[in-house]
Amino acid sequence: MAEESTSFHGDAAFVWFVVGVAAIPSCIVWSKLAQRYGYVRTLLISMLFQGLGIVLPAFATNTITLYISAFIFGATFMGITTVATTLARQISPVNSHQILGYLTAGYALGQMIGPSLAGALANYTNSYQYALFGATAVIVVGALCLISGLKYEKISSLETL
């Protein structure tokens, strides 16, 4: 997107650098937030935040927007994985390897299907906009699926008191 944008005035490779720099502390930051505010709540918030990062370039592809989008994406994608795997271990401590296997397989499937569909959609529409809206929708639906888990997290934290 950065290379093809007429309103982007930077080095397109630097966008991925921003993703990487933002990803460096993300696992630690999101883990600390999850310990303090709850794993389900933190996962839900991080996914909604990631959705924001994904959808931003659908509205503008200028330099600042693409760098902000890259930063948000980098700051969330590894943190989401870290919090989700920790939550899976908490949900099923005895068979955590099984639930982690399912999560990994689902993630891998999404990593294969998502970009393929997004690329086909971008080629068909000559725009990344619809692919970004679609990816954001998937993230938001996933986040909304966590809402019922908030109730569980509240109940389990009350039971430990």
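Predicted model: local features only at pLDDT ≥ 70, side-chain atom pairs only at ≥ 80, totals over all residues.
Residues are numbered from 1 along each chain as its sequence is written, and side-chain values use heavy atoms, with hydrogens and water left out.

**The big picture**

- The protein has 7 helices and 0 strands; these are DSSP runs numbered from the N terminus, with helices (H or I) of at least four residues and strands (E) of at least two.
- Its C-alpha trace spans about 55 × 30 × 25 Å along the principal axes.
- Of the 161 residues, 35% are buried.
- The accessible surface comes to about 10,000 Å², and 69% of that belongs to carbon and sulfur atoms; areas come from the Shrake-Rupley method with a 1.4 Å probe, and for residues only the protein chains shown count as cover.
- Take the contacts (heavy atoms within 4.5 Å) between residues at least 6 apart in sequence: 74% of them join residues at least 24 apart.

**Helix α2**

- α2 has 12 residues and reaches 16 Å from its first C-alpha to its last, close to the expected 16 Å; that expected span is 1.5 Å times one less than the number of residues.
- Ser26, Trp30, Ser31 and Ala34 are the buried residues here.
- Looking down the axis of α2, its buried residues fall within an arc of 120°, so they line one face of the helix; the arc is that of the directions from the helix axis to the C-beta atoms.
- Cover for those buried residues includes α1, α3 and α4.

**Helix α1**

- α1 covers residues 12-23 and reaches 18 Å from first C-alpha to last, close to the 16 Å expected.
- Its buried residues are Ala12, Val15, Val18, Val19, Ala22 and Ala23.
- They fall within an arc of 135° seen down the axis of α1, so they line one face of this helix too.
- Among the elements covering them are α2 (26-37) and α4 (63-91).
- At the start of α1, a side-chain oxygen of Asp11 comes to within 3.1 Å of the backbone nitrogen of Ala13.

**Nonpolar cores**

- A nonpolar core is a set of buried Ala, Val, Leu, Ile, Met, Phe, Trp, Tyr and Cys residues joined through side-chain atoms within 4.5 Å.
- In the largest one, with 18 residues, Tyr39, Val40, Leu43, Met47, Val83, Leu87 and Leu146 touch the most other members.
- The elements giving two or more residues to this core are α2, α3 (39-59), α4 and α6, and α3 has the largest share, with 8 residues.
- A second, separate core of 9 residues includes Ala2, Val19, Leu66 and Tyr67.
- Leaving aside neighbours within four places in sequence, Tyr39 is in contact with Ala34, Val83, Thr86, Leu87, Gln90 and Glu153.

**Thr136 in α6**

- Thr136 sits in helix α6 (residues 129-144) and is buried, with a relative accessible area of 11%.
- Its side chain reaches the backbone oxygen of Leu132 at 2.8 Å.
- Leaving aside neighbours within four places in sequence, Thr136 is in contact with Gly51, Ile54 and Val55.

Definitions and conventions:
Buried < 20%, exposed > 50% of the residue type's maximum accessible area, 1.4 Å probe, protein only. Polar contact = N/O pair within 3.5 Å; in protein donor to acceptor, adjacent residues only side chain to side chain.
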